[in-house]
Each structure stands twice: as structure tokens, then as C-alpha cells.
Amino acid sequence: MEKRLVYTGKTKNVFALENGNYLLKFKDDCTGKDGVFDPGENSVGLTIEGVGDVNLRMSVYYFEKLNALGIRTHFISADLNETTMEVLPAKVFGKGLEVICRRKAVGSFFRRYSDYVKEGADLDYYVETTFKNDAKGDPLVTKDGLTELGIMTGEQYDAIKDMTKRITKAVAEDMAKKGLELYDIKFEFGYDADGKVMLIDEIASGNMRVYKDGKYIDPMTLSALFFAAE
């Protein structure tokens, strides 16, 4: 099937297919700074051989679970040999929006609110949204901001928040079965021609903070532990 490159991203490239769907090609690039991985960073900081493969494999694993739970995603199928995933067409919100769900007060959340919370304190599936804008440091935006700016409707925001909590709970419970603890996770959502929200992009170790026995697990180690527990 013919494919046409339409977008070159930090961690994957996007191709348009003849059938109207899209093909995501996973790369070995990771976000970070000074050669150290950080899922919250805005730019590619390092390349880790094989990370594209494990990110795709973990994404397929979770997308299939979520689809079975009746949670809308863009996932159709994957080719592990080519490190590609075929997905439904979806429009992104604005110029790109990230949704983070936090179960522990760490990272940028703790840096912002350290006057009010202890590091590592439990959070009740706290959801926050940020614009994807490297130059502005991915600024936080509220539901009121998103609706006022015409980026989404209040109903779409509520759907995203509900889906984010449900997905995070499913991932956290699955991780716990493998002896791992999910601290936070980052998602992207889009919408179809009818305005219905769906989970897009990926669900992989590079988009989450996971700990084991109180110690942070880097993405490649996490992927190895994750699949070893299968």
C-alpha cells in the first residue's frame, strides 16, 4: 500500500495511507536533556537502540486491552517487524495537547506545588492538560481555557478527563500485577469527524514514570521488566 510522509515527530513519523488511515513509524529517539531521559522534556535528548520496538509492543498491548474495555482508541493493527502501527484518522486538539494523570507528587507537579505537598505524596488520579509548545515550556491550560479558546467543548474535556482516569487506572492495576508502581503517565487525545474523543499516539514506557521498590525505573529497564513478567 502506498504511503506518504505527512509529519516528522520527535519519537515517530506519520504517513498517510491510500485507505484513509495513517501509519505511525516508531523511532529510537527519546525526549530528555543532556543525554538523560525525561518524559516531561520538550525535545529529543538521546537515542536508545530498540526503544521504538518496545514502545510499539507496549502500545499494542495496552491499546488491545483498552479496546476490549470499550475505551475508544485510534489503534487498528501493528507490524512489529516494521515497527509500524496503523491507526484511524483523528484531529488533534489545537496545535497539540498533552494530558497527564498523576498518582504521586513528583516531577514538575512537585516543583510547582512543593509549598503545599510532600514529594511522593499520593494523588487521586490528578489530571492536568498542557499545550505542546517547546518554546513556551508546554504551558498548563485549564478546562475554562480550552473552551474559551475554542480548542474543545466542555463535553469533550469531560470525556478526556474521564477516559484519562479510566486508562490510568487500567495501566496502574496491570503494572501492579507485575510488581511495578505507576506514578504518572502522559497521553494524547484526538477526535473523529463526529467530534468523538479517542486516545491517540502511544502508551509506552517513554510516556510514564514507574517505580519498583521505591526506585525509579528507566524506560528500557521498565520495558524489559514489563515483558519479562508477561
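**A note before the views.** A residue counts as buried when its relative accessible area is under 20%. Keep that cut-off in mind for the close-ups below, which all come from a predicted model.

Figure 1. Tyr-61 comes in at 17% relative accessibility, so it counts as buried. Tyr-62 has 2% relative accessibility and therefore counts as buried too. The rings of Tyr-61 and Tyr-62 make an edge-to-face aromatic pair, with 4.9 Å from centre to centre and 85° between the planes. That's one of 11 aromatic pairs in the structure.

**Figure 2. Tyr-61 reaches across to Phe-226.** Here's another edge-to-face pair: the ring centres of Tyr-61 and Phe-226 are 5.0 Å apart, and their planes make an angle of 90°. This pair ties together distant parts of the chain, as Tyr-61 belongs to helix H1 and Phe-226 to helix H5 (residues 219-228), 165 residues apart. Both partners, Tyr-61 and Phe-226, are buried.

**Figure 3. Helix H1 packing on helix H4.** How do two packed helices get described? By the angle between their axes and the distance between the axes. For H1 (residues 51-68) and H4 (residues 154-177), the angle is about 120° and the axes are 11 Å apart. Angles of 65 to 115 degrees count as roughly perpendicular and those over 145 as roughly antiparallel, so H1 and H4 end up oblique to each other. The crossing of H1 past H4 is right-handed. On the H1 side, the contact uses Tyr-61, Tyr-62, Lys-65 and Leu-66. H4 brings Ile-167, Ala-170, Val-171, Asp-174 and Met-175. Sort the residues of this contact by type and you find 7 nonpolar, 2 charged and no polar ones.

**Figure 4. Thr-164, tucked away in helix H4.** Staying with helix H4, this view picks out Thr-164. Its relative accessibility is 0%, so Thr-164 counts as buried. Which residues does Thr-164 touch, not counting those up to four places away in sequence? The list is Val-99, Cys-101, Val-127, Phe-187 and Phe-189.

**Figure 5. Asp-138, a non-glycine with positive phi.** Asp-138 isn't a glycine, yet its phi is positive, at about 50°. You'll find Asp-138 in the loop between strand S11 (122-131) and strand S12 (140-141). Buried or exposed? Asp-138 has a relative accessible area of 13%, so it is buried.

Figure 6. With 17% relative accessibility, Asp-201 counts as buried. Leave out its neighbours within four places in sequence, and Asp-201 is in contact with Lys-12, Leu-24, Phe-63, His-74, Met-85, Glu-188 and Asn-207.

Key. Residues are numbered from 1 along each chain as its sequence is written. This is a predicted model: local features need pLDDT of at least 70, side-chain atom pairs count only at pLDDT 80 or more; totals for chains, interfaces and linings use all residues. Side-chain values use heavy atoms; hydrogens and water are left out. Axes are lines fitted to C-alpha atoms, for helices over the stretch in contact, and angles run from 0 to 180 degrees between N-to-C directions. Helices (H or I, at least four residues) and strands (E, at least two) are DSSP runs, numbered from the N terminus. Angles under 35 degrees count as roughly parallel, over 145 as roughly antiparallel, 65 to 115 as roughly perpendicular and the rest as oblique. A crossing is left-handed if the near helix is turned anticlockwise from the far one by less than a right angle, and right-handed if clockwise. Contact means heavy atoms within 4.5 Å. Ala, Val, Leu, Ile, Met, Phe, Trp, Tyr, Cys and Pro count as nonpolar, Asp, Glu, Lys and Arg as charged, and the others, Gly among them, as polar. Rings of Phe, Tyr and Trp (its six-membered ring) pair if their centres lie within 6.5 Å; planes under 30 degrees apart count as stacked, over 60 as edge-to-face and the rest as tilted. Buried means under 20% relative accessible area, exposed over 50%, partly exposed in between (1.4 Å probe, protein chains only).
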